[in-house]
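Below are some notes for a colleague who has not looked at this entry before. Please read them with the structure open.

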Amino acid sequence: MASQSGRAALGSGRTRAETVGALIRSTLMAMRRNPTMAAGIAIVVVMALMAIFAPLLFTGDPSAVAPRERFTPPSSGNWFGTDNIGRDLWSRVLFGARVSMTVGAAVAVISVLSSIVFGLLAGYYRRLDAVIMRFMDGLMAIPSVLLAMALMALLGGSVQNVIIALCVVETPRAVRIVRASVLSIREEMFVDAAHALGVPPPRILRTHILPNTFAPLIVQASFIAASAVLVEAYLSFVGAGPPPEVPSWGNIMADGRHYISRFVWMIVFPGIFLTLTVLGINLAGDGLRDSLDPKLRSRM
Amino acid sequence: MTGYIIRRTLSTIPVILVVALVVFAILRLAPGDPAAILAGTGGAEVDPAVVEKIRKQLGLDQPLHVQLYRYFSDLARGDLGQSLLSKHNVSDLIRARVVPTLSLTIMTEVIALVLAIPLGVLAAWKADSWIDRTVMVIATLGFSMPVFWLGFLMIFFFAVQLDFFPAAGYTPPSEGIGPFLHRLIMPAFATGVIVMALITRMTRATMLETLREDYVRTARAKGLTERTVLIRHALRNAALPIVTVIGLGFAALLSGLVVTESVFAVPGLGRLLLNAILARDYPIIQGTILLISGVYVIINLFIDISYAYFDPRIRY
């Protein structure tokens, strides 16, 4: 089975390129077997391309105000209509994809990297464990949207600060995952053997333990990205996200909230894009979990 | 059992202390000076005397360890401070908002459970069929959707177009149970979808496992009806993980409430917090986050204890 060969490659001492190659191969094979996952990945790829090529695809300046063209319904000139001050919604939704995609990708990468540092330290050095994990438990006890909003209240609104706040929110769960796999792997025979041979602990962590945490972390990264895209929209929606001049799906919907009864498209289009993106990432994540981490398959 | 309950209860103390510390840091770590931010609302010239007064009022002129000591001794006495803007006691503000939020929470949880458990059981029973796949995609959709968006779509269809429900607002239970419940249905459903999605997925996953057990095969071989097998034999044994996910889903529910209360104009804790965040009214932010996180920690404590009570094999 593809998934098993993928795991085997991660566990043994192959070179990095071989490991990555095995991962890609097993992912491709999993996509063929799992159409829901393939659909999820397709959605994410399309959204990412739209975000990247937004400057080529847009039909009007997303911040050009046209007071005479307020609330135009969707038409051939304005595909998604215009908003309350006459800005072209298609262009705004397109540029909103850039904020969501940047936040999702950045938060996933940064949280996973910082969770590797904290998780390895907590899992390997027992004294640090108590301190780090108590702190992470405390952070996890604050519902994520609330913590993100409170952090934004102190950081101030910018895309960069949204990324920082969401990394603080998302890192603890990933730390738990890394720590748990370190705890189980450090009991393995090959780690004892490395110790006996006098390999220094940082090197044991890097070459023997770290590669074994990759599979669950990749799965977690996809769920972090999904959650980050969603929470960014919450922050933008309540006015605690990026500044209002940066179009994001959340603040486009916030602009439309007062006109819901007559001009529903201002809320419908950005919401569809947002929901599709998050759904795509979640479906891809479910598929990755099933193929990379068979132990977790029966879990929700 | 008693030992376990004591140990598990004690283990929540460091968590709550860390939450309190994080909340403390949120006020003190603000780049620049929260007092200056507050004095400078409106973009006018900041008067240094006003900043100094606010610093004093917040106790920010004291050294950090004194501030920390004061903060914890105030907390121990249940004193959450005063709102910077309205000068009301934070604990009074919170008390006035508890009933709407609590009713909404209960209603949300009830709607979520009533829909999620049958859906999850059905999906597991018809595993790998189109029914299963549809339920799973809907469940995944449920937590991929922003609750405020769902809320607006519901307002548009059910309030504006069809006029089934009032668009927004809150009627206290003292003015009649009927109108009270009627107004809560839409916000509760909007918030509940995400919780429902989580519980449906968990129910399906654990049911899939129990349906493979020998005692389920025995029950079927005895000729029991499929209904009895599913509910009495399988669902009962799948109940514990489902209860756990209800506890974890509470975080999603509380997060969702902050936004739904504002969408549906429900005068609850979430709206209090949201307005405080926008106005940077730090004592209210601290107080509400502490309360909500405390409730979340305690709910999970009860769930863990009941878990151990119902399943004697579990001891940590």
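**Notes on the fold and the interface**

1. Among contacts in chain A between residues at least 6 apart in sequence, 68% join residues at least 24 apart. The model is a predicted one.

2. Chain A is built from 13 helices and has zero strands. Of its 300 residues, 48% are buried.

3. Helix α8 of chain A covers residues 159-185, and its 27 residues should span 39 Å at 1.5 Å a residue. The C-alpha atoms at its ends lie 38 Å apart, which agrees with that expectation.

4. Where the two chains meet, 39 residues of chain A are in contact with 41 residues of chain B. On the chain A side, the elements giving two or more residues are α6 (126-140), α7 (144-155), α11 (214-238) and α13 (265-292). The largest share, eight residues, comes from α13(A). By type, this side of chain A divides into 27 nonpolar, eight polar and four charged residues.

5. The largest nonpolar core has 167 residues. Those with the most contacts inside this core are A:Leu146, A:Ala148, A:Met149, A:Ala150, A:Leu166 and B:Ile199.

6. Which residues does A:Ala150 contact, leaving aside its neighbours within four places in sequence? They are B:Ile26, B:Ile277, B:Ile285 and B:Ile289. A:Ala150 is also one of the residues with the most contacts inside the largest nonpolar core.

Methods:
Residues are numbered from 1 along each chain as its sequence is written. Chains are lettered from A and ligands numbered from 1 in the order in which they are written. This is a predicted model: local features need pLDDT of at least 70, side-chain atom pairs count only at pLDDT 80 or more; totals for chains, interfaces and linings use all residues. Two residues are in contact if their C-beta atoms, placed from the backbone, lie within 7 Å. Helices (H or I, at least four residues) and strands (E, at least two) are DSSP runs, numbered from the N terminus. Ala, Val, Leu, Ile, Met, Phe, Trp, Tyr, Cys and Pro count as nonpolar, Asp, Glu, Lys and Arg as charged, and the others, Gly among them, as polar. The expected span of a helix is 1.5 Å times one less than its number of residues. A nonpolar core is a set of buried Ala, Val, Leu, Ile, Met, Phe, Trp, Tyr and Cys residues joined through C-beta atoms within 7 Å. A residue is buried if 20 or more other C-beta atoms lie within 10 Å of its own, exposed if 12 or fewer, and partly exposed in between; C-beta atoms are placed from the backbone.
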